[in-house]
Each structure stands twice: as structure tokens, then as C-alpha cells.
Amino acid sequence: MYRYRPKPDNDVVLRQRLRELAAQRKRFGSPRLHILLKRENLVINHKRTERIYREEGLSLRRKRRKKGAAGVRVMMPSPQRPNQRWSMDFVSDQLANGRRFRVLNVVDHFSRELVLQVVDLSISGQRLARELSQLADRRPMPRTIVCDNGPEFTSKAMYFWAKKIGVKLHFIQPGKPTQNAFVESFNGKMRAYCLDLHWFASIEDARSTIDDWQRHYNHVRPHRSLGKKPPAVFAKEAA
């Protein structure tokens with residue numbers, strides 16, 4: 001009597017190397033990655049490479065919408081300490097006279113602490129780089145900052161700032177805000193508990209109100225995912 005005996009999965013090394021190559025060569029699809037794997041004698045049949053390529057979720061977008069903004073296709077590990085990885089994004093609102101203003105939020109992934117907040121009518125890439133440089137003078141910089149493909153984040157000023165400081169800018173895929181979930185979640189809380197509850201007479205009034213809310217969020221408001229501790233308290237205990 002004959003019957004099939006399942007074989008153990010022997011693709012562990014191949015999967016790991018395929019993920020590494022996909023991270024290094026962000027614009028290489030399955031055929032080119034197969035060539036690299038074949039050079040290393042890890043695979044022979046291209047069908048095997050294509051199967052694992054699909055299972056690992058490494059498929060490329062067919063149309064690239066923003067030059068120089070391809071996201072990393074490998075899931076990042078969870079941070080283990082404060083100031084290891086941050087996220088940044090903009091949220092907007094309007095003054096009582098109808099004029100729009102913007103708020104830059106920078107959030108720590110580990111502690112959920114709001115490490116930087118800038119409120120102004122306009123925030124350029126040069127202004128963003130300057131604010132982050134001033135922040136670097138008073139606290140450690142992370143190894144990675146996650147952001148979308150906005151013109152401020154992809155500007156030359158931010159590129160040279162990141163290169164000078166030694167910070168990697170991790171651009172999410174266009175149209176995938178869930179890849180920047182930490183700051184997106186924070187933006188939702190800020191809008192619900194601050195922006196939607198106030199009228200702002202001027203930009204100075206907006207800065208004052210939002211600054212008060214920032215202190216409350218960091219030092220008073222309990223965070224359920226942090227054992228009901230405020231982010232700043234949790235970060236201090238974990239440091």
C-alpha cells in the first residue's frame with residue numbers, strides 16, 4: 001500500500017534570502033530576484049521562486065506614483081525601547097476666519113509619546129528639517145522615521161538632514177495609510193479630542209490650545225495599550 005508522506009518545509013533559508021534581496025532591491029520583481037537566488041545556488045526552478053514571492057507578499061506595484069518614494073516591502077520588527085522608531089504625519093484644520101493651518105505630529109512607536117508637534121499656517125521641508133535638528137539637540141534620534149510620500153518628507157532638505165543625522169526615512173507605499181498606523185491613530189485621537197472641540201481665533205490661539213492638549217496627552221491621559229499609563233510616564237519607566 002502506498003500513501004503520500006508530507007515533507008517538511010525546506011524553504012526557510014530561501015524565504016529569508018528572498019526577503020533580504022527584495023528589501024535591498026526594491027524595484028526588482030520575481031524574475032530578477034530569481035536570477036540572484038540562482039546565482040547563490042538556492043533555487044533552480046523559477047516556479048518555486050514565484051510561489052514563495054507571492055506567499056511572502058512581495059509583489060510590486062505596476063505603477064510608481066512618486067519618484068524616490070518606494071516603500072520597504074518587508075514588515076518591520078516591533079520596537080523594543082523608546083526612540084527606536086518614530087512616525088510623522090500632518091493633520092490640518094482651519095481658523096475661525098476660514099484660513100487653513102497644519103499640524104506636524106511625530107510619535108514614538110514604542111511609548112506612543114508625542115515627541116514633536118509643530119503648528120503653523122505652512123510647514124515646508126526646510127522648516128521640518130530645522131525643527132527635527134532642534135529636537136536632536138535635546139533628545140536621541142531614532143534609527144527610523146516612518147512617513148508618507150508628501151512633498152515635505154521627500155524634499156531635498158529632508159534627504160540631506162536624514163543623511164547628516166544618520167536617520168533612515170521609511171516611506172510607506174502610496175495610498176497605504178495603514179502602514180503608518182501609529183501616527184494615523186494619534187491623528188484620529190487629536191481630531192476627536194482637540195481639533196473638533198475648539199474654535200481657533202488665530203494661529204496663536206491654535207498653538208496655545210494644541211500645546212495644552214499635547215501636555216495632557218503625554219503626561220496625564222491614560223493609554224490603554226500602555227497599561228493605562230500616560231505615554232511620557234511609560235517612556236520614562238522603560239528607559
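Modeller: From the N terminus on, the elements run α-α-α-β-β-β-α-β-α-β-α-α-α. That gives 8 helices and 5 strands in the chain. Helices (H or I, at least four residues) and strands (E, at least two) are DSSP runs, numbered from the N terminus. This is a predicted model, where local features need pLDDT of at least 70 and side-chain atom pairs count only at pLDDT 80 or more, while totals for chains, interfaces and linings use all residues. Residues are numbered from 1 along each chain as its sequence is written, and side-chain values use heavy atoms, with hydrogens and water left out.

Colleague: What box do the C-alpha atoms fill?

Modeller: Roughly 80 × 40 × 35 Å, taken along the principal axes.

Colleague: And how much of the chain is buried?

Modeller: Buried residues are 44% of the 239 in the chain. Buried means under 20% relative accessible area, exposed over 50%, and partly exposed in between (1.4 Å probe, protein chains only).

Colleague: What about contacts between residues at least 6 apart in sequence?

Modeller: Of those, 59% join residues at least 24 apart. A contact means heavy atoms within 4.5 Å.

Colleague: Can you show me a buried residue with its neighbours?

Modeller: Take Thr 49, in helix 3 (residues 46–55). Thr 49 counts as buried at 1% relative accessibility. Leaving out residues up to four places away in sequence, Thr 49 touches Leu 18, Ser 30, His 34, Leu 37 and Val 43.

Colleague: Switching to rings: how many aromatic pairs are there?

Modeller: The search of the whole structure finds 7. Rings of Phe, Tyr and Trp (its six-membered ring) pair if their centres lie within 6.5 Å; planes under 30 degrees apart count as stacked, over 60 as edge-to-face and the rest as tilted. Phe 160 is exposed, with a relative accessible area of 52%.

Colleague: Why does the pair of Phe 186 and Tyr 217 count as edge-to-face?

Modeller: Because the planes are at 80°, with the ring centres 4.9 Å apart. Phe 186 lies in helix 6 (residues 181–193) and Tyr 217 in helix 7 (residues 203–219), so the pair ties together parts that are 31 residues apart in sequence.

Colleague: Are those two buried or exposed?

Modeller: Phe 186 is buried at 2% relative accessible area, and Tyr 217 is buried at 2% too. Phe 186 and Tyr 217 also form one aromatic cluster with Trp 213.

Colleague: Which charge lies over the face of Phe 90?

Modeller: Arg 102 does, at 3.9 Å from the ring centre. Arg 221 lies over the face of Tyr 193, at 5.4 Å from that ring centre. A charge sits over a ring if NZ of Lys or CZ of Arg is within 6 Å of the ring centre and within 35 degrees of the ring normal.

Colleague: Last topic, the loops. Where is Asn 41?

Modeller: In the loop between helix 2 (30–39) and helix 3. Asn 41 isn't a glycine, yet its phi is positive, near 60°. Asn 41 is exposed, with a relative accessible area of 70%.

Colleague: And Arg 112, where is that?

Modeller: Arg 112 is in the loop between strand 2 (100–108) and strand 3 (114–120). Arg 112 has a positive phi of about 65° although it is not a glycine, and it is partly exposed at 22% relative accessible area.
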